Amino acid sequence: MMYVAPRAHVMSEQSNQRVLRVAQVITRIAAGIVFALGLLGLARVFPHLLEMKANTALGFTIAGASLWLRRERHGPAVERWAGQALSLGVVALGAIALCEFFFNWFSGFDQWLIKSPGAAPLPGRMSYLTALNFFLAGLGLLLMERKERRGPRPGQFFTLTAIMVCLLAVIGYVVHVGVFYGETSLFPGTRMHRDTIFCFLLLGTGILCARPEGSLMRVLTSRTDGGFILRRLLLLPVAVPLAVGMIPLILRYFHLTNPQIGSWLFSFGDILVFTLIFWWNGALLYRLDLKRQAAADELKALNSDLERRVEQRTGQVLAANRELKDEVAERRQAEDEVRKLNANLEQRVSDRTAQINAAYKELESFSYSISHDLRAPLRAIGGYSSLVLEENPALPEQSRNYLQSAQRNVEKMQRLIDDLLAFSRVSHHKLQKQAVSLDEVARQCFADLQPEAKGREINLTVQPNLQCHADPALLRQLLLNLLSNAIKFTRRREPAMIEVGGAPPTDAASGPVFFVRDNGAGFDMASVGKLFGVFQRLHRESEYEGTGLGLAIVQNIVNRHGGRVWAESAPEKGATFFFTLPD
């Protein structure tokens, strides 16, 4: 059963798709033919072939155009509204003609469009059956989209009624019963012509096929038992009147005028037609039951095979469970050994951590001392270089370049010393957390960095009400570094876009998440592992200056707050730096 059901479902879906495609083609063909025949009837191109009246031809032209405009459920809105308006026109045409027949209203309506020649009793007037069918088909077009909770759609019901009127007219022509196709003494000369019947049958078929998902068409086109029975029982309303209507012809042909024989033939004809149709449907149900029984037997065999496989697989699973128990016992023994090794390892790690912390403190002290001791000679080199350049304007160009290069390197060394001092201060700074408005600190930092942004168009967006619990001094240093980086790496963007904001927390324990985003040069995420390292650079110094300590300071500040910092970027698509500050 696990394999049969999906396959049947797929086949049903494929069949439905084929039905929809065929129905769309039928709708287009029906709309085109009805519209064309209506135009030909209006133009009187083939008056001997097309016997329809002018108002009848007008009705088919309007109905064909309406069906064409509404051939698709989700077509353009203009086409849907225009199709609705035309369907109202068809309803109005049928209603006016019916009122003219039965209430004598709108007298002379038939002569409004085209004056019909001749001395016919009702010149230009369509048959009352034609008027009724225009009214029903127009309602079918108008209510095509309307749905009901139960029963067929109203539009399909009216359309099917119009088709049955046409089928009765066809039977009337076959058995020569004039009242079936509208030939009465009450309205002489207004019978429904064969070409009119053909157009109505085509129009009704197109309307039903335009929305094949309706309840009536869905059952009629389905491959279910109900669909098979319905398609065959539809022959009943056609076959019974046809068979009964043929009896008078048979009686006249054999010159049988005895009423008892006629009654017997009427009764026998009804019994014969009903018996044949019921037998035909019974045979169909019998064959379907045989197929269903064969499918049930096959399913039963498959279930038996499945049960056998399940039993076999259960035995394998039990054997595997036994093996797993043995493996678990061995693993527990190994875990005990690992636990003992871990206890020894933890002691070693503790000792090694103490040694690393001592070495780290010594390294920080050394870095702090070196940074201070280097400042004095660097100031001397820079000062003497400036004096030489100022007092000797006639120096050769090469000598001036040498001195200017020395000054640039002095400035670079001073920035490096400043960053080293900042890095050292972060490590020695006593953490004092308090409630801080991060958005205000960001605006102050951006204002302090204005000399770096001089002459550039930089749009800063700061999300309001960004509250956090942090050390104010360290938070200021963090934002200065991130905003300085954003200003530096957006140098080639006009305008530069920098945004400071908050993001949803990754989890409850990590605290609020903040970010600084820019539209600058960005970087390749393959190198993100080096991003927060000391003296690490992802761009050439000739492109963007720097010491390689800014992001290391940022990471050190975030680590001291117990948070986490990371980045997301792509080359030439900007970068976003996220950081958390737990409470």
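**Exercise 1. Classify Glu 145 by its relative accessible area, then find what its side chain pairs with.**

Solution. Step 1: Glu 145 has a relative accessible area of 26%, so Glu 145 is partly exposed. The classes are buried (under 20% relative accessible area), exposed (over 50%) and partly exposed in between, with a 1.4 Å probe and protein chains only. This is a predicted model: local features need pLDDT of at least 70, side-chain atom pairs count only at pLDDT 80 or more, and totals for chains, interfaces and linings use all residues. Residues are numbered from 1 along each chain as its sequence is written, and side-chain values use heavy atoms, with hydrogens and water left out.

Step 1: The side chain of Glu 145 meets that of Arg 70 in a salt bridge, 3.9 Å from N to O. The rule asks for a side-chain nitrogen of Lys or Arg within 4 Å of a carboxyl oxygen of Asp or Glu.

Step 2: Glu 145 sits in the loop between helix 5 (128-142) and helix 6 (154-175), and Arg 70 in the loop between helix 2 (54-69) and helix 3 (77-102), so the pair ties together parts 75 residues apart in sequence. Helices (H or I, at least four residues) and strands (E, at least two) are DSSP runs, numbered from the N terminus.

Step 3: Arg 70, at 4%, is buried.

**Exercise 2. Which residues have the most contacts inside the largest nonpolar core?**

Solution. Step 1: The core has 41 residues, and Leu 438, Leu 475, Leu 479, Phe 577 and Phe 579 have the most contacts inside it. Such a core is a set of buried Ala, Val, Leu, Ile, Met, Phe, Trp, Tyr and Cys residues joined through side-chain atoms within 4.5 Å.

Step 1: Helix 14 gives the most to this core, with nine residues.

Step 2: Leu 438 touches residues including Leu 466, Val 500 and Phe 514, not counting those up to four places away in sequence. Contact means heavy atoms within 4.5 Å.

**Exercise 3. Describe how Phe 578 pairs with Phe 515 and with Trp 566.**

Solution. Step 1: Phe 515 and Phe 578 are 6.1 Å apart, centre to centre, with 55 degrees between the planes: a tilted pair. Rings of Phe, Tyr and Trp (its six-membered ring) pair if their centres lie within 6.5 Å; planes under 30 degrees apart count as stacked, over 60 as edge-to-face and the rest as tilted. Phe 515 lies in strand 5 (residues 513-518) and Phe 578 in strand 7, so the pair ties together parts 63 residues apart.

Step 1: Trp 566 and Phe 578 have ring centres 5.4 Å apart and planes at 15 degrees, so they are stacked. Trp 566 is in strand 6 and Phe 578 in strand 7, twelve residues apart.

Step 2: Trp 566 is buried at 17%, and Phe 578 at 11%.
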